[in-house]
Amino acid sequence: MNAPLPLTRGSDSASTDAALSPQLQVAAIIGLAAIARTIFWNVRPPDMSIFLEPWFAHIVRYGPVGAFAHPFSNYEPAYLYLLALGSLAAGALAPMTIIKIISVAGTLFLTLALADLLKAARIAPRNALLVLVLPSVIFNDALFAQCDALWVGACIFAVARMMRGRTLSAMVWCGVAFAFKAQAAFIAPVMIGAMIGRRAPWWQWLVPAFVFVATLVPAWLMGWPALKLLTVYLGQAAWDRIPGRLANPWMVGTMFADHAARSWFALGYAAAGGAALAITVLAARGARNPRTLILLAALAGTALPFLLPKMLERYYFLGDVMTLALVLSLRSRPALYAMCAVQIASILSHVTLMYFFYQPYPALIGAVFAAAGLAIMGRLAVPQLKTLPDLRSHFSGGTPSLLPQAAADLDRR
């Protein structure tokens with residue numbers, strides 16, 4: 001495990017290690033990450049003028065405390081607190097620069113989270129640096145100045161804690177993730193199943209809600225009405241009624257049958273619910289297996305936004321990062337192909353938003369790649385699916401092995 005991304009353990013890997021030391025590999029990754037962000041740093045994304053800069057201007061005008069006296073954003077306040085902190089640099093730096101710095105700081109947080117996950121899975125933590133050069137991650141922070149790294153990082157910390165059996169802190173991180181974005185619900189099937197599998201005490205199930213509410217209290221004390229704070233996510237769900245802008249099957253409805261597709265939304269919700277239930281059951285069975293949880297988190301982070309309607313272009317982000325963790329965990333070509341397929345789908349979603357907003361044909365191609373990535377991950381999960389009929393052994397105290405075959409082969413080496 002000396003190289004950041006070894007796919008084999010043969011002589012080729014050894015010769016590569018000898019040709020390029022770990023220190024040089026780390027330097028190359030950091031250099032590439034910095035160059036990529038320099039390229040996009042001065043590009044103004046669509047949301048900057050519509051949402052981010054007006055929010056920031058409101059905070060600058062009324063002050064980092066007074067700004068929260070009334071609602072001014074369709075985000076929950078967790079991210080707005082960071083904007084308020086960044087407003088202290090207003091005047092010294094341009095608003096877009098401050099906002100992008102916050103986004104890059106979120107990516108560094110994401111890197112720490114992935115390093116913790118890899119450490120829990122007994123994989124060299126420095127491999128987490130690879131997340132800095134994932135195209136979708138670069139687009140998210142340097143180009144679009146979004147904060148998805150924050151909720152995804154919190155989700156990954158939650159999975160890492162669950163791997164160690166620390167169910168309480170895992171639930172705390174789930175609450176933190178949900179405080180930043182409602183899309184943190186994508187990790188819910190894995191966490192619910194793992195909590196069942198580890199027989200966590202009932203009161204720990206309430207922790208995410210308490211943490212989420214705790215993040216609202218400062219804004220409420222400063223004047224933001226409690227009802228408004230509690231219903232931000234409901235407002236987000238009702239705001240966008242198009243079938244979707246993500247590279248998933250609903251893009252067909254967005255392009256060709258906007259109104260007609262809405263009558264089929266229930267089908268997408270049912271399909272996503274079925275996938276979530278299957279992942280929950282598998283997570284309950286494999287709660288003590290790190291590689292199983294990584295695989296299921298990659299599946300959940302990709303399958304749910306693929307099946308659900310009204311998904312936006314950034315919603316594969318959890319799948320993007322967890323498929324990288326899957327590659328580092330299994331070190332198999334199928335895992336690598338799955339990661340590349342999901343990355344391509346995510347990249348095409350971003351490109352469509354930036355350059356093909358009114359003719360989103362690239363996202364249709366991306367939907368095919370996302371489906372291919374899911375098919376590969378589903379095949380990796382086949383050994384686990386075969387265990388679904390035999391649930392009694394788990395709840396009676398049995399501990400059947402649920403390692404995917406690729407992971408089992410790796411462990412035997």
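**Exercise 1. Work out how H16 and H19 cross, and which residues meet there.**

Step 1. Start with the handedness: H16 and H19 make a left-handed crossing. A crossing gets that name if the near helix is turned anticlockwise from the far one by less than a right angle, and it is right-handed if clockwise.

Step 2. Now the geometry. Helix H16 covers residues 290–307 and helix H19 residues 361–380; they pack at an angle of about 145°, with axes 10 Å apart. The axes are lines fitted to C-alpha atoms, for helices over the stretch in contact, and the angles run from 0 to 180 degrees between N-to-C directions.

Step 3. List who touches whom, where contact means heavy atoms within 4.5 Å. H16 brings Leu-295, Ala-298, Leu-299, Thr-302, Ala-303 and Phe-306, while H19 brings Ala-367, Ala-370, Ala-371, Leu-374, Met-377, Gly-378 and Leu-380.

Step 4. Sort them by class: 11 are nonpolar, two polar and no residue is charged. Here Ala, Val, Leu, Ile, Met, Phe, Trp, Tyr, Cys and Pro count as nonpolar, Asp, Glu, Lys and Arg as charged, and the others, Gly among them, as polar.

A word on the ground rules: this is a predicted model, where local features need pLDDT of at least 70 and side-chain atom pairs count only at pLDDT 80 or more, while totals for chains, interfaces and linings use all residues. Residues are numbered from 1 along each chain as its sequence is written, and side-chain values use heavy atoms, with hydrogens and water left out.

**Exercise 2. Describe the packing of H8 and H10.**

Step 1. Helix H8 is residues 167–180 and helix H10 is residues 207–221; their axes come within 7 Å and cross at roughly 45°.

Step 2. That angle makes H8 oblique to H10. Angles under 35 degrees count as roughly parallel, over 145 as roughly antiparallel, 65 to 115 as roughly perpendicular and the rest as oblique.

Step 3. This crossing of H8 and H10 is right-handed. The H8 side of the contact includes Met-171, Gly-175 and Phe-178, and the H10 side includes Pro-208, Phe-212 and Thr-215. By class, the H8 and H10 contact has 11 nonpolar, two polar and no charged residues.

**Exercise 3. Do likewise for H4 and H5.**

Step 1. Helix H4 (residues 77–86) and helix H5 (residues 95–120) have axes that come within 10 Å and cross at roughly 130°.

Step 2. H4 and H5 are therefore oblique to each other, and H4 passes H5 in a right-handed crossing.

Step 3. From H4, Tyr-79, Leu-82, Leu-83 and Gly-86 meet Ile-98, Ile-99 and Ile-102 of H5. That gives six nonpolar residues, one polar and no charged.

**Exercise 4. Follow the chain from Ala-145 through H7 to Gly-165.**

Step 1. Ala-145 sits in the loop between helix H6 (135–143) and H7. Its phi is near 55°, a positive value in a residue other than glycine. Most residues other than glycine have a negative phi. Ala-145 counts as buried because its relative accessibility is 0%.

Step 2. Since 16 of the 16 residues of H7 are buried, H7 is largely enclosed by the rest of the structure. Just after H7, Gly-165 takes a positive phi of about 80°.

How values were computed
Buried means under 20% relative accessible area, exposed over 50%, partly exposed in between (1.4 Å probe, protein chains only). Helices (H or I, at least four residues) and strands (E, at least two) are DSSP runs, numbered from the N terminus.
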